[in-house]
Amino acid sequence: MQVEEVKHHIVNWLSDYIKKSGTKGFVIGVSGGIDSAVTSTLGALTNLPLLCVEMPIQQDISQVTRAKNHIAFLKDNYINVSSIETNLTPIFESFTDAIPKRTDDNLALANTRARLRMTTLYYHAQINNYLVLGTGNKIEDFGIGFFTKYGDGGVDLSPIADLTKSEVFELGKHLNIINDILIAPPTDGLWGDERTDEDQIGASYPELEWAMNIVKKGVFDITQFNTRQQEVFQIYTRLNTINQHKMQAIPVCIIPNKIK
């Protein structure tokens, strides 16, 4: 990948979009992970106003530290960057107190965290006339649907959605993202512990990129895969299938003209 050219392409794309939209800048949630670090840095490079929002919800301290350090890095290097912290833990706890208690609602509550963050970002976007920057990469957004519908999937722009996770890391090194983020195992930060994306998915991003490429080619013989490749391929295809509702447009019931 020609990282310098890719960097300029995305920065120019963001700048052009702002001019056409009539908005003033960007808002982004900074999580302490590589995707938000790279995306926020690209936003900063536009020289347009960029508001970084930190939104801890019963967060693991290492994630909070990485987010704060990255925001400090941006503010030290780009005068157009500002930041705000919104502690969503009390709101989340109030929500959990108000709903019926269940033993099987962990995933639903994890998704609730993402949706609270989305709501917060759009609040800041509206009062500032900014656009919300998405942080999803190609594997998450178009491969396995590893995002929360109307949570981190609720954005205005997706600057890195055509880059695989490996390419995001490559671009991150080129952008001098702090080392703590570059070496941290990817995590969605929605569980209040240290579980990684790989823990949840059952496969690493390089493995998922391999499977995505196999599907893209369209001609393959699964019997020729080794045991681990078969496992990864099954994980990829299962998640790609069950999460199509996230990756496709909302179905609309079209009423025939003759009955309208």
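Student: How much of the protein chain counts as buried?
Tutor: 47% of its 260 residues do, where buried means under 20% relative accessible area with a 1.4 Å probe, protein chains only. This is a predicted model, in which local features need pLDDT of at least 70, side-chain atom pairs count only at pLDDT 80 or more, and totals for chains, interfaces and linings use all residues. Residues are numbered from 1 along each chain as its sequence is written, and side-chain values use heavy atoms, leaving out hydrogens and water.

Student: How many helices and strands?
Tutor: The protein chain has twelve helices and four strands; these are DSSP runs, with helices being H or I of at least four residues and strands E of at least two. Its radius of gyration, taken over C-alpha atoms, is 19 Å.

Student: What share of the contacts joins residues 24 or more positions apart?
Tutor: 76% of those with a separation of 6 or more, contact meaning heavy atoms within 4.5 Å.

Student: Switching to R113. Where does it lie, and is it buried or exposed?
Tutor: R113 lies in helix α5, residues 106-128. R113 counts as buried because its relative accessibility is 6%.

Student: What is R113 in contact with?
Tutor: Leaving aside neighbours within four places in sequence, R113 is in contact with I57, Q58, F92, L190, W191 and G192.

Technical notes. The radius of gyration is taken over C-alpha atoms; the globule rule is 2.2 Å times the number of residues to the power 0.38. Buried means under 20% relative accessible area, exposed over 50%, partly exposed in between (1.4 Å probe, protein chains only).
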